[in-house]
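The questions below go through one protein chain and ask what stands behind each term used for it. Each answer sets a value against its definition.

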Amino acid sequence: MFRGGPVLTLDGKGRITVPSRWRDVLMATVQGQMVVAKNPDGCLSLYPLPVWENFENSVLSLATENDAWRRFFIGSATEVELDGAARVLIPPELREWAGLVEKVKFMGVGSHFELWDSARHEAREAEALAQGRPEALRNLVIR
């Protein structure tokens, strides 16, 4: 289970360092093998390989009217690997699509991570807060 995370800086080659609190578990459980793909919320999702494979199988089993979504997710997916310095290279076309230039929010969201342009994430969060909490969350969130 991955939760929260820091704002990090992409290096000049488009690599981001995986936070130390997750490095060891990713190396021990998936040997650093991950998949990065577009997320329809405007960020990138970074999946440990087995988590991606489960998601991919679910997407592949959808009816043909979901072909556009199949192309969106699977067509954008790229296998990546943690290098010796615990960095992941984010492909240029995915960085451009998600607006990742320098400051990146590296956020654990359960079974995988989201990589957000820091300013885009702040704007999306402010937008969500302005809409108020949905009914389903009102009794779940501590006030």
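Buried means under 20% relative accessible area, and exposed means over 50%, with partly exposed in between. The model is predicted.

Q: Why is Lys-105 called buried?
A: The relative accessible area of Lys-105 is 18%. The cut-off for buried is under 20%, so Lys-105 counts as buried.

Q: What does Lys-105 touch, leaving out residues up to four places away in sequence?
A: Lys-105, which is found in strand β8, touches Gly-5, Pro-6, Val-7, Glu-114, Leu-115, Trp-116, Ser-118 and His-121. Contact here means heavy atoms within 4.5 Å. The C-alpha atoms of Lys-105 and Gly-4 are separated by 9.3 Å, although the two residues are 101 apart along the chain.

Q: What makes β8 a mostly covered strand?
A: Six of the eight residues of β8 are buried.

Q: How do you know that β8 and β9 pair?
A: Two strands pair if at least two bridges are found between them. Five bridges join β8 to β9, and the strands run antiparallel. Lys-105 stands opposite Trp-116 in β9. With two residues between them, β8 and β9 form a hairpin.

Q: Which strands pair with β8 over three bridges?
A: Strand β1 (residues 2–4) pairs with β8 in the antiparallel sense over three bridges, and Phe-2 stands opposite Gly-110 in β8. Strand β2 (residues 7–9) also pairs with β8 in the antiparallel sense, over three bridges. The bridge partner of Val-7 in β8 is Lys-105.

Q: How do you know that the buried residues of α1 line one face of the helix?
A: The buried residues of α1 are Trp-22, Leu-26 and Val-30. Seen down the axis of α1, they fall within an arc of 35°, so they line one face of the helix. The face turned away from this buried side carries the exposed residues Ser-20, Asp-24 and Ala-28.

Q: What do the buried residues of α1 pack against?
A: They pack against β1, β4, β5, α2 (49–60), β8 and β9.

Q: What makes a group of residues here a nonpolar core?
A: The members are buried Ala, Val, Leu, Ile, Met, Phe, Trp, Tyr and Cys residues, joined through side-chain atoms within 4.5 Å. The largest such core has 24 residues, and those with the most contacts inside it are Leu-26, Leu-44, Leu-46, Ile-90, Phe-106 and Phe-113. At least two residues of this core come from each of α1 (20–30), β4 (33–39), β5 (43–48), α4 (92–98), β8 (103–110) and β9 (113–117). The most is given by α1, with three residues. Another core, of six residues, lies apart from it and has among its members Val-35, Ala-37, Tyr-47 and Trp-52. In soluble globular proteins, nonpolar side chains tend to be buried together.

Q: Why is Gln-31 called partly exposed, while Ala-86 is called buried?
A: Gln-31 has a relative accessibility of 49%, so it counts as partly exposed. Ala-86 has 8%, so it counts as buried. Gln-31 lies in the loop between α1 and β4, and Ala-86 in the loop between β6 (78–81) and β7 (87–89). Each is a residue other than glycine with a positive phi, near 50° for Gln-31 and near 65° for Ala-86.

Q: How does the length of helix α5 compare with what is expected, and what comes just after the helix?
A: Helix α5 (residues 118–131) has 14 residues and reaches 20 Å from its first C-alpha to its last, close to the 20 Å expected at 1.5 Å a residue. Just after α5, Gly-132 takes a positive phi of about 85°.

Q: Why is the protein chain called as compact as a globular protein of that length?
A: The chain has six helices and nine strands. Its radius of gyration is 16 Å, close to the 15 Å that the globule rule gives for 143 residues, so the chain is as compact as a globular protein of that length. Along its principal axes the C-alpha trace spans about 45 × 40 × 30 Å. Of the 143 residues, 38% count as buried.

Notes
Residues numbered from 1 in each chain as written. Predicted model: local features only at pLDDT ≥ 70, side-chain atom pairs only at ≥ 80, totals over all residues. Heavy atoms only, no water. Buried < 20%, exposed > 50% of the residue type's maximum accessible area, 1.4 Å probe, protein only. Helix = DSSP H or I, 4+ residues; strand = E, 2+ residues; numbered from the N terminus. Expected span 1.5 Å × (residues − 1). Arc of directions from axis to C-beta. Rg over C-alpha atoms; globule rule 2.2 N^0.38 Å.
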